[in-house]
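Biologist: I have a model open and would like to learn how to read its features. Please take me through it step by step.

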Amino acid sequence: MASKLGEMLVKAQLITEPQLEEAMKIQRRDGGKLGSIVVRQGFCSDQDIVSFLGMQYGVPAADLDQWPPIDPAVVALVPAELAHKHKVLPLQRSGNVLTLAMSDPTDIFAMDDVRFHTGYNVDPVVSSEMGLIRAIERYYGGTSALKLREEGGAASRAAAGGPAPAPARAEAINFDDAAEQLDLKSFEDEFDAEATLDEEQEDDEEQINLAALRKGSEDAPVVRLVNMVLIDAIKRGASDIHIEPYEKHYRIRFRVDGLLMEVMRPNLKLKDPLTSRVKILAKLNIAEKRLPQDGRIKLRVAMGGKHKVIDYRVSVLPTLFGEKIVLRLLDSDKLMLDLTKLGFEPESLERWDRQISKPYGMVLVTGPTGSGKTNTLYSSIAKLNQVDVNIMTAEDPVEFNFAGINQVQMKEQIGLNFAAALRSFLRQDPNIILVGEIRDFETAEIAIKASLTGHLVLSTLHTNDAPSTINRLMNMGVEPFLVATSVNIICAQRLVRRICTACKKPEAHQPPAEALLKIGFTEEEIKKGITVQKGTGCEVCSKKGYKGRVGLYEVLEMSETLKDMILTGASAIELREQGMREGMITLRRSGCRKVLDGVTTVEEIVRETVL
């Protein structure tokens, strides 16, 4: 295609004959695509080539630098290695047709490959090669562009015989002034040159060579790769890092604003050294590969001239093809302790403040994992933390430390669970007790008894909404009269992504009134006019259109009517209807109000809530 493209460019007077000859000479010497060489030499612009190819082949042209954020679910349809191999990027899916950006829309092999892997028909659009490379890097692996330099802090040494219970010492890393540009290929090449590990077949009879594992984990490329992943997660605002081994590949994903995104696929030969390096930093036993382990890493980083300590909660789980590692980032700077900024509606916040200020009773926060329950509880006890109040918490794990609050870490292996901690708390003269989670009847029973004997008890449960929490407690075995007399208030919550304020603008095509009514907006709101906002994608939000998250809250305050209904065995639906009559804002309505305020999008509230 090269000479044919060159001839077409000359014929279209985009380049001259001498320029074509020079470009083809460079191509014969260095390789590469003629279009990229022509652009690199400055003979014509990237966009000129794209527009020309679009007209020539009768396919649409796409400027990926201006393209709106692509749905992560669409990006996930095409594996990263396939995107890098063929220089293609999925843009959108409609039915069984996948729109695919390509630099060469005549590349049948690439389209067949994508069609085979995804099961969708391919509709090509043409884009510049350089624009595609930038977009692929953005969606599949921006980590390679990160610059960092390790400074100070030798690697923590773990005892070969077993895990050390002492807290991890903070490693010092400075990445303000990078000395070199790092990429995954350089790590793998350097590891090949330095590593002395023998590849062994992993099975139940495997002889573990501790010295080899430790040596591999301390090789310079492995140390820098782990540092780079830990730091890149901070820079991207990730909440979790997933390091996952599979049969034929090894991948690293970050959870950013609640959604997982793949950032890197290291070579499988880095699996053991990388795993050992993380386990050494977390003070875990590198010889134990058959049992789950939990640990903690403290990292002292220099960002923007400031130093701060980041905690990583580490969980190692043996899987079929090796150990999967999940690191939860605990950044105290991101902990929002101001209840007014979490996303509560004013009337919901007023009810919440009123009930947490009572001297006794039970306050419950419900929602799935990762919905911000801990943040709400921490914000509440931070508001109640006074010198004349004794606050005690039982947590698993303790995520953040608070001055003036007595925090206890659960240790199931020695019998220190929530129920045992609660029994001890009652002998410690507490005013306020926080229980990390009510998991069983024993914990629920002790917590309720504590709330009925002059203590304010705050805790969490896993339920879908606020009214169903009542039924969940009774299903655990708690008597209805105990639930009715002890529970003050229940808050169900979810987290949705915020629209990026830097690129927020009204949607070009506003949803029709019928759709808005079905979603949960009232007729009055629709009559007044609803302008749905959306992020177009910019550098601030990494072209995603979203930056940060905000809470949706459903607050059910126990009234005398609701208590009577609980005693007579009312269902969750009846409790919900009565709560709404008394002014309870549901999760969906909380989301609708945030759409009206331009905080989030309709897609986000539909994804996280139900009518």
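Predicted model: local features only at pLDDT ≥ 70, side-chain atom pairs only at ≥ 80, totals over all residues.

Biologist: Start with the whole chain. How many helices and strands are there?

Modeller: The chain has 24 helices and 20 strands. It runs to 611 residues, of which buried residues make up 50%. Among contacts with a separation of 6 or more, 67% join residues 24 or more positions apart.

Biologist: Which residues have the most contacts inside the largest nonpolar core?

Modeller: That core has 51 residues, and the ones with the most contacts inside it are Met362, Leu364, Ile438, Val487 and Met558. Take Ile438 as the example. Leaving out residues up to four places away in sequence, Ile438 touches Met362, Leu364, Thr443, Ala444, Ala447, Ser459, Thr460, Leu461 and Met476. Another core lies apart from the largest one; it has 35 residues, including Leu225, Ala233, Ile241 and Leu327.

Biologist: Next, empty space. How does one find it?

Modeller: Rolling a probe the size of a water molecule over the atoms shows where empty space is left. In this structure there are 2 cavities of 30 Å³ or more.

Biologist: Which residues line the largest cavity?

Modeller: The largest cavity, with a volume of about 40 Å³, is lined by Val226, Val229, Leu230, Ile243, Ile252, Leu274, Val278 and Leu327. By class, this lining has 8 nonpolar residues, no polar and no charged ones. Helix H11 (220-236) and helix H12 (271-281) each supply at least two of the lining residues, and H11 gives the largest share, 3 residues.

Biologist: And the pockets? What volume does the second largest pocket have?

Modeller: The second largest pocket holds about 1300 Å³ of space. Its lining has 46 residues, and the closest to its centre are Pro69, Ile70, Asp71, Pro72 and Ala73. Among the elements that give two or more residues to this lining are helix H5 (72-75), strand S1 (88-94), helix H8 (129-140) and helix H24 (602-608). Strands S7 (250-256), S8 (259-264), S18 (504-506) and S19 (533-535) are also among these elements. By class, the lining of this pocket has 23 nonpolar, 7 polar and 16 charged residues.

Biologist: Now a single helix. Which residues of helix H21 are buried?

Modeller: Helix H21 covers residues 560-567, and its buried residues are Leu562, Met565 and Ile566. Seen down the axis of H21, these residues fall within an arc of 100 degrees, so they line one face of the helix.

Biologist: What covers the buried residues of H21?

Modeller: The cover includes helix H17 (468-476), helix H18 (480-486), strand S20 (546-557) and helix H22 (572-581). Just after H21 comes Gly569, with a positive phi of about 80 degrees.

Biologist: How should I read a positive phi in general?

Modeller: Most residues other than glycine have a negative phi, and most peptide bonds are trans. Ser542 is not a glycine, yet its phi is positive, about 55 degrees. Lys543 is also a residue other than glycine, and its phi is near 65 degrees, a positive value.

Biologist: Where does Ser542 lie, and is Lys543 buried or exposed?

Modeller: Ser542 lies in the loop between S19 and S20, and Lys543 lies in the loop between S19 and S20 as well. Ser542 is partly exposed, with a relative accessible area of 39%. Lys543 has 13% relative accessibility and counts as buried, because the cut-off for buried is under 20%.

Biologist: Which peptide bond is cis?

Modeller: The bond from Asp396 to Pro397 is cis, with omega near 0 degrees. Pro397 is found in the loop between strand S13 (391-395) and strand S14 (406-409).

Biologist: What is Arg313 in contact with, leaving aside its neighbours within four places in sequence?

Modeller: Arg313 is in contact with Gly295, Val326, Leu327, Arg328, Leu330, Pro397 and Glu399. Arg313 is found in strand S10 (residues 306-319) and, at 24% relative accessibility, counts as partly exposed. From C-alpha to C-alpha, Arg313 and Leu329 are 6.6 Å apart in space, while they are 16 residues apart in sequence.

How values were computed: Residues numbered from 1 in each chain as written. Heavy atoms only, no water. Buried < 20%, exposed > 50% of the residue type's maximum accessible area, 1.4 Å probe, protein only. Helix = DSSP H or I, 4+ residues; strand = E, 2+ residues; numbered from the N terminus. Arc of directions from axis to C-beta. Contact = heavy atoms within 4.5 Å. 1 Å grid on protein atoms, 1.4 Å probe; cavity = no way out; pocket = protein on both sides within 12 Å on 5 of 7 lines; lining within 4 Å. Points joined across faces, edges and corners; volume = space filled by probe spheres on them. Nonpolar A, V, L, I, M, F, W, Y, C, P; charged D, E, K, R; others polar. Core = buried A, V, L, I, M, F, W, Y, C linked by side-chain atoms within 4.5 Å.
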